[in-house]
Amino acid sequence: MTNSEVAELSKQYLMNTYSQLPVAFVRGEGCHLWDADGKQYLDFVAGIAVLGPGHCHPKVAAAIADQAGRIMHTSNLYFIPQQAELAKRLVELSCADRAFICNSGAEANEAAIKLARKWAGMHREPDCRDIITAHKSFHGRTLTTVTATGQEKYHKPFYPLPAGFKYVDFNDLAALEAAVDDNTCAIMLEPIQGEGGINVPDPAYLPAVRELCDRRNMLLIFDEVQTGMGRTGEWFAYMGQGIEPDIFTLAKSLGGGFPIGACLAKQSVAEAFVPGDHASTFGGNHLACTAALAAIGAIESEKMVQNAKAMGEYFHARVSELQAEYPFLAGVRGRGLLLGLELEGVNGRDLQVACLSNGLVINALGESLLRIAPPLNTTEREIDEGLEIICQTAAAM
Ligand SMILES: Cc1ncc(COP(=O)(O)O)c(C=O)c1O
């Protein structure tokens, strides 16, 4: 099939839930993609921060192929070696003691919300069920995680929503303190807001939120679905902030392209869950956990976390150099390879489409911001190439 044939078929048979760009990718390798018409692209989206180790990383692809020929799935009625191993790896890498493995970011956040409420039922008053999240946050599309998402445009068509969520402005400690009451059991935040516009909080904000949670006996939940697994130049974005969450969630890059999510927690919180409280048929099956173990192995052995940090710094430096020549480059925000390229005088959505024609896959977050989230092993040369396409494309618009 050609790009346009895939588009036709999709429009005829799929529910109309996505505004899709007119291209269908059929092959990926490292930082590159090829579409159904044979055209090659540089990928600065990486499946929206999913392909941490790059497309079809040989170690991930081989591990999946090998495992697929042995055993893919049984059930959580039985022990699963790879699931236990993955939980051990994630615990060793992080501040958590226990993991629940699921299939996506929304599911990981559902688990976190249920765990926080179960914990509160055991350690706080019976009405203590409320969770405060941030405006412009994004936590998923299930009914509960879309409610946790502090963006009204995602709520309106789906009333009635589950109760028990309140929203405050991100990075506004006073607003958060004012919103907390005796019914607040948890605060749930992305350490850097992703979908909401690569919003990085002030250095003092997250430590102060941690202190507030300790003072009011509330749990701190970090949604690291987008920021986790090395994306920000640390294995998890909470690292380097000098604090630890009680619960945090992962998905996206965790499986190196294979669907998997995880909710991790400290022992004192995790122990609130007992058999029957939570489950997932597919969650943590042999195949998904094998993919995640291989992805973690690749990220670790090829030092991709360190590379993400270095390449993030390189990107910032290159944009500073280019700004004099290209005034549409208004600035960069973000850390590691989760970056927002701020635009002035050029429409981000139009630039996204034009860059695609010019061989660069890029994601516009609104009209004045491009999200830069390439594979974690992206090189200086690829960053130069991508910036060159962005600059030349914008200059021609
Ligand atoms: C921070 C964050 N949380 C949760 C989600 C939802 O993840 P999923 O689409 O895997 O359900 C996303 C997806 O973009 C996200 O960025």
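Modeller: Gladly! Of the 14 residues around the ligand, those that come nearest are Ser104, Gly105, Ala106, Val225 and Gln226. This is a predicted model, where local features need pLDDT of at least 70 and side-chain atom pairs count only at pLDDT 80 or more, while totals for chains, interfaces and linings use all residues. Residue numbers start from 1 along each chain as its sequence is written.

Biologist: How many residues of each class does the shell around the ligand have?

Modeller: Four nonpolar, seven polar and three charged. Here Ala, Val, Leu, Ile, Met, Phe, Trp, Tyr, Cys and Pro count as nonpolar, Asp, Glu, Lys and Arg as charged, and the others, Gly among them, as polar.

Biologist: Why are H12 and H13 called roughly perpendicular to each other?

Modeller: The axes of H12 (residues 348-357) and H13 (residues 380-396) cross at roughly 115° and come within 9 Å. Angles of 65 to 115 degrees count as roughly perpendicular, under 35 as roughly parallel, over 145 as roughly antiparallel and the rest as oblique. H12 and H13 are therefore roughly perpendicular.

Biologist: Which residues meet where H12 touches H13?

Modeller: Leu351, Ala354 and Cys355 of H12 meet Ile389, Ile390, Thr393 and Ala394 of H13; contact is counted when C-beta atoms, placed from the backbone, lie within 7 Å. By class, that makes six nonpolar residues, one polar and no charged ones.

Biologist: How is the protein divided into domains?

Modeller: Domain 1 takes in 3-57 + 303-396, and domain 2 covers 60-301; the bounds come from an automatic or database domain assignment. The centres of the two domains, taken over C-alpha atoms, are separated by 26 Å. Across the boundary, 26 residues of domain 1 are in contact with 23 residues of domain 2. H11 gives the most to the side of domain 1 that touches domain 2, with five residues. That side has 14 nonpolar, eight polar and four charged residues.

Biologist: What makes the peptide bond from Tyr159 to Pro160 cis?

Modeller: Its omega is near 0°. Pro160 is found in the loop between helix H6 (143-148) and strand E6 (165-168).

Biologist: And what is the phi of Ala46?

Modeller: Near 50°, a positive value in a residue other than glycine. Ala46 is found in helix H2.

How values were computed
Axes are lines fitted to C-alpha atoms, for helices over the stretch in contact, and angles run from 0 to 180 degrees between N-to-C directions. Helices (H or I, at least four residues) and strands (E, at least two) are DSSP runs, numbered from the N terminus. Two residues are in contact if their C-beta atoms, placed from the backbone, lie within 7 Å. A residue is near a molecule or strand if its C-beta atom, placed from the backbone, lies within 6 Å of it.
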